[in-house]
Amino acid sequence: MSVHKLENAERRGAVDTAEPLGFRPLYRQVKAILVRRLVDGVWAPGEGLPSEGQLAAEIGVSQGTVRKALDELAAENLVVRRQGRGTFVAEHDERRILFQFFKLVPDHGERRFPDSAVLSIATGPADAAEQAALELDDKAPVIRIRRMRSLDAAPLIVETLTLPRHLFPGLEDGPVPNNLYSLFAARYGVTIANAREKLKAVALSPEDAAALGVEAGRPALQIDRVALALDGMPVERRLSLCLTEEAHYLSDLR
């Protein structure tokens, strides 16, 4: 099995060389090439990839190696396999976001996507917490979006999103859709691959309590999320304060 083309890709910078190629399984090298193409926008969200046979011939590996690389990308929700149709770049539709990124579920009834209302949009220098979360320089310009999220018209979450302004120019001019991750991919070429979250019980401040229509000091679940792009770069910090009297946080551990 030839890796000549893989080695050429490495020299072009198409393969992540954080560890020597010789110490990684071949399918992981192929996966790195495919991820690089997703990052570079070679295939748009929703677009079909070439067949396994075409990719194998182009890269210079077996079809089984390509299949294993695509299986990993599918497990990470970066591509979608459709029986009899092929493999497609995953889109940030509401169903995907609901099950991959939105973990607050009503105690009674089915999981569903919340409604959103923007409370404010502003720009300014990043504070210390935002700099650390987004790996920004001191006082780098950011966009802050504060919005309310509701289920069945009942306020559930008040959240503040912080975004590096250089990645999302003009976003502060609005309008801001409910499904932001789809906008990031379609307008700015930034695909959210995964996120890390920190959960903590807090007491609501007077400002956050007023937004949610409850008394100050009410217990809430704070979710501090950093969303990562395909290349691992942090691109969004989201601080959410959630009422949990009639909802709970659900995470499927696999």
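Leaving aside neighbours within four places in sequence, which residues is Arg-37 in contact with? The views below come from a predicted model.

**View 1. Arg-37 in helix H2.** Beyond its neighbours within four places in sequence, Arg-37 is in contact with Val-42, Trp-43, Leu-55 and Glu-58. Helix H2 spans residues 26-39. Arg-37 is buried, because its relative accessible area of 17% falls under 20%.

**View 2. The open sheet of 6 strands.** The strand order is E4-E5-E6-E9-E8-E7, and the pairing is antiparallel. Strand E4 (115-125) and strand E7 (192-203) are the edges, each pairing on one side only. From one strand to the next, the twist averages 15°. Helix H7 (residues 180-188) packs on the sheet and touches E5, E6, E7, E8 and E9. The direction of H7 makes about 165° with that of E9.

**View 3. Strands E8 and E9.** E8 (residues 219-229) and E9 (residues 234-242) pair in the antiparallel sense over 8 bridges. Ile-223 stands opposite Ser-240 in E9.

**View 4. Salt bridge between Arg-81 and Glu-52.** The side chains meet at 2.9 Å, N to O. Arg-81 lies in strand E1 and Glu-52 in helix H3, so the pair ties together parts 29 residues apart in sequence. Arg-81 is partly exposed, at 32% relative accessible area. Glu-52 is buried, at 16%.

**View 5. Salt bridge between Arg-225 and Glu-197.** The N to O distance is 3.0 Å. Arg-225 sits in strand E8 and Glu-197 in strand E7, 28 residues apart. Arg-225 counts as buried at 8% relative accessibility. Glu-197 counts as partly exposed at 26%.

**View 6. A network of salt bridges.** Arg-147, Arg-149, Glu-159, Glu-236 and Arg-238 are linked here. The whole structure holds 20 salt bridges.

Notes:
Residues numbered from 1 in each chain as written. Predicted model: local features only at pLDDT ≥ 70, side-chain atom pairs only at ≥ 80, totals over all residues. Heavy atoms only, no water. Helix = DSSP H or I, 4+ residues; strand = E, 2+ residues; numbered from the N terminus. Buried < 20%, exposed > 50% of the residue type's maximum accessible area, 1.4 Å probe, protein only. Contact = heavy atoms within 4.5 Å. Pairing = 2+ DSSP bridges. Axes fitted to C-alpha atoms, helices over the stretch in contact; angles between N-to-C directions. Salt bridge = Lys/Arg side-chain N within 4 Å of Asp/Glu carboxyl O.
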